[in-house]
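Please keep the sequence and the model in view while reading.

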Amino acid sequence: MSKHRLNPDTWIDLYADYLFNYAVSRVNDAEIAKDLVQETFFAGLKSAKNFKGDAAERTWLIAILKRKVIDHYRKINSNKGKAEVRMNYSAGSDSEGDWLEEQVADPFSKLENSAIENEELGLAIQSCLSKLPKKQNLVFTMKTIQGINTEDICNELDINPSNLWVMIHRARTSLMDCLNQNWF
Amino acid sequence: MISCEKAKHLCDKSQYNESSLWERIKLSIHLYTCKVCSKYSKKNSKLTSLCEQANMFNLSEADKAEMKKVFDQENIK
């Protein structure tokens with residue numbers, strides 16, 4: 001069985017976006033998520049010698065990030081009172097006896113499920129993106145996710161438009177294949 | 001008539017709303033006659049809608065560069 005090895009120099013290029021997506025969907029704040037990702041990389045570096053090679057690099061980093069997210073919530077909930085759950089039943093006091101029914105989840109609501117599904121989809125796309133060559137990944141991300149226009153990307157990366165469209169085309173084709181295998 | 005190469009290029013461009021009206025007309029005529037390209041076009045639109053649906057977040061290059069700088073300092077130690 002081939003052992004996995006850690007390669008910290010490539011971490012940020014390969015996993016920063018993936019970890020960031022994961023963190024944002026859990027803490028709902030870009031700044032905090034960024035800090036958590038940074039801390040994850042530090043922690044990974046510090047405990048790199050404890051890495052046994054059983055898991056893939058990314059799985060290992062995600063496991064660290066999970067702990068970081070939990071620590072984050074522990075920290076902001078350190079005051080006991082904040083952790084208390086309060087429900088206000090008296091708000092609609094004229095609807096006597098109906099309060100229990102109102103708390104029941106709506107079985108026809110698809111909102112919750114689709115939010116979870118979309119989050120998983122985001123991670124799936126991200127992991128497909130990380131398999132692309134670096135330049136294609138960069139161009140596709142800038143164009144599709146950040147929505148920067150063609151001219152600006154060309155200026156920034158010093159390429160010409162037809163070059164850009166070729167890369168976009170290759171990126172899209174491999175993404176379609178990858179998502180076809182991993183998502184549908 | 002446009003070639004399949006050209007059609008794919010126009011199709012990619014349309015995904016970002018960057019094709020002109022005339023280009024879109026040329027493309028749709030081609031898609032009407034060419035099965036391979038129309039399949040590609042369908043998959044392409046699907047990918048676009050998936051990317052929108054996924055509501056993805058990304059670190060900017062500046063953020064990543066900053067992260068790298070701090071990280072490298074730690075790495076050397």
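## Where the two chains meet

Between the chains, 31 residues of chain A are in contact with 25 residues of chain B, where two residues count as being in contact if their C-beta atoms, placed from the backbone, lie within 7 Å. On the side of chain A that touches chain B, at least two residues each come from α1 (11-27), α2 (30-46), α6 (111-129), α7 (134-145) and α9 (161-182) of chain A, and α9(A) gives the most, with seven residues. The residues of this side divide into 17 nonpolar, ten polar and four charged; here Ala, Val, Leu, Ile, Met, Phe, Trp, Tyr, Cys and Pro count as nonpolar, Asp, Glu, Lys and Arg as charged, and the others, Gly among them, as polar.

This is a predicted model, in which local features need pLDDT of at least 70 and side-chain atom pairs count only at pLDDT 80 or more, while totals for chains, interfaces and linings use all residues. Residues are numbered from 1 along each chain as its sequence is written, and chains are lettered from A and ligands numbered from 1 in the order in which they are written.

## The make-up of each chain

Chain A has nine helices and zero strands, and chain B has four helices and zero strands; these elements are DSSP runs numbered from the N terminus, with helices (H or I) of at least four residues and strands (E) of at least two. Buried residues make up 23% of the 184 residues in chain A and 23% of the 77 residues in chain B. A residue is buried if 20 or more other C-beta atoms lie within 10 Å of its own, exposed if 12 or fewer do, and partly exposed in between, with C-beta atoms placed from the backbone.

Among contacts in chain A between residues at least 6 apart in sequence, 68% join residues at least 24 apart.

## The nonpolar cores

A nonpolar core is a set of buried Ala, Val, Leu, Ile, Met, Phe, Trp, Tyr and Cys residues joined through C-beta atoms within 7 Å. The largest one holds 17 residues, of which A:Leu19, A:Phe20, A:Ala23 and A:Val37 touch the most other members. Two or more of its residues come from each of α1, α2 and α3 (57-76) of chain A, and the largest share, ten residues, comes from α1(A).

Leaving aside neighbours within four places in sequence, A:Ala23 is in contact with A:Ala33, A:Leu36, A:Val37, A:Leu65 and A:Val69. Apart from this core lies another, of 15 residues, among them A:Phe140, A:Trp165, B:Leu47 and B:Cys51.

## How α1 and α2 of chain A pack

The axes of α1(A) and α2(A) are 8 Å apart, and the two helices pack at an angle of about 135°. The residues in the contact of α1(A) with α2(A) divide into 14 nonpolar, one polar and one charged. In this contact, residues of α1(A) including A:Trp11, A:Leu19 and A:Val27 meet residues of α2(A) including A:Ala30, A:Lys34 and A:Phe41.

## A cysteine in α9

Is A:Cys178 buried, exposed or partly exposed? This residue, found in helix α9 of chain A, is partly exposed because 17 other C-beta atoms lie within 10 Å. Leaving aside neighbours within four places in sequence, A:Cys178 is in contact with A:Cys128 and A:Lys131. The C-alpha atoms of A:Cys178 and A:Lys131 are separated by 9.1 Å, although the two residues are 47 residues apart along the chain.

Terms used. Axes fitted to C-alpha atoms, helices over the stretch in contact; angles between N-to-C directions.
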